[in-house]
Amino acid sequence: MQVRRSVQALHRWLALALCVQILLWMSSGVVMSLLPITLVHGDPNKAYDAPVELRVHNYFPPAGVVSEVAGAQEVTLKSWLGREVYVVSSRDRLAMFDADTGDRLSPISESDARRVAVADFAGEGEIEKLSRLDNPPHEYRGPSPVWRADFSDVDRTRLYISPDTGVVLTRRNRAWRFYDFFWMLHIMDYRERDNFNNPLLRAFAITGLAFALSGITLVGFRLRSGRYADDARRMARRDDPKT
């Protein structure tokens, strides 16, 4: 009997500790499941170009651009803004070069960043502001510095563009910011919003497991004592019109 009372007390205290967070888990889960992920990612306002075939051409020797990047590990030939470029990657940096002349193109200029943003954006609106940020806001969560293009569309789209490779790294909009708030509540990471293994979430997950196990234990006690059978018989007598 003492063990049963202890388990009941533990179950109640665990329920009290979990009630608010369970409500936040459920409500945030509902919101995130209802928001189309394509809208969150900004896909409706993303321009999709047809694949471009590279020219059969006598390009600048790759060895010439590799020598410009210390510790180079990989060279990629691709098309960028209507021209062929080399992207050289190392362990801690990226650099872009003109594939015809070998001239270094990165970090890209403001005018090139604007061209990238305009080419990527397919929504209704124009660039209101283009900034090179050394300390970007938390919504970006990527390497800096970075170019940011703010558009005037109803979704308040922001494109974050790499100055090293001239590609769009991240797209942000109102739907993403709304989603991100509930994602923060769901994973209980109120600072970085990307750590699914933070101590607070682990503590509440363990508490939830203990709550479930204590509930199962109480069910076992009731089954052993015959309480469920007694309750069923009382319900049957109450619903029987002859009694």
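User: What makes up the lining of the largest pocket, by class?

Analyst: In this predicted model, where local features need pLDDT of at least 70 and side-chain atom pairs count only at pLDDT 80 or more, totals for linings, chains and interfaces use all residues. The lining has 8 nonpolar, 2 polar and 4 charged residues, where Ala, Val, Leu, Ile, Met, Phe, Trp, Tyr, Cys and Pro count as nonpolar, Asp, Glu, Lys and Arg as charged, and the others, Gly among them, as polar. Residues are numbered from 1 along each chain as its sequence is written, and side-chain values use heavy atoms, with hydrogens and water left out.

User: Which residues and elements line the largest pocket?

Analyst: Of its 14 lining residues, Asp49, Trp80, Val116, Ala119 and Asp120 lie nearest the centre. Strand S1 (74-80), helix H4 (110-120) and strand S7 (168-172) each supply at least two residues of this lining, and the pocket has a volume of about 380 Å³.

User: Why is the space lined by Gly42, Asn45 and Lys46, among others, called a cavity?

Analyst: It is called a cavity because, on a 1 Å grid over the protein atoms alone, a 1.4 Å probe fits at its points but cannot get out, whereas a pocket is an open set with protein on both sides within 12 Å along at least five of seven lines; lining residues have an atom within 4 Å of a point. Asp120, Thr157, Leu159, Arg171, Arg172 and Asn173 also line this largest cavity, whose volume is about 50 Å³, and its lining divides into 1 nonpolar, 4 polar and 4 charged residues.

Methods: Grid points are joined across faces, edges and corners, and a volume is the space filled by probe spheres set on the points. Helices (H or I, at least four residues) and strands (E, at least two) are DSSP runs, numbered from the N terminus.
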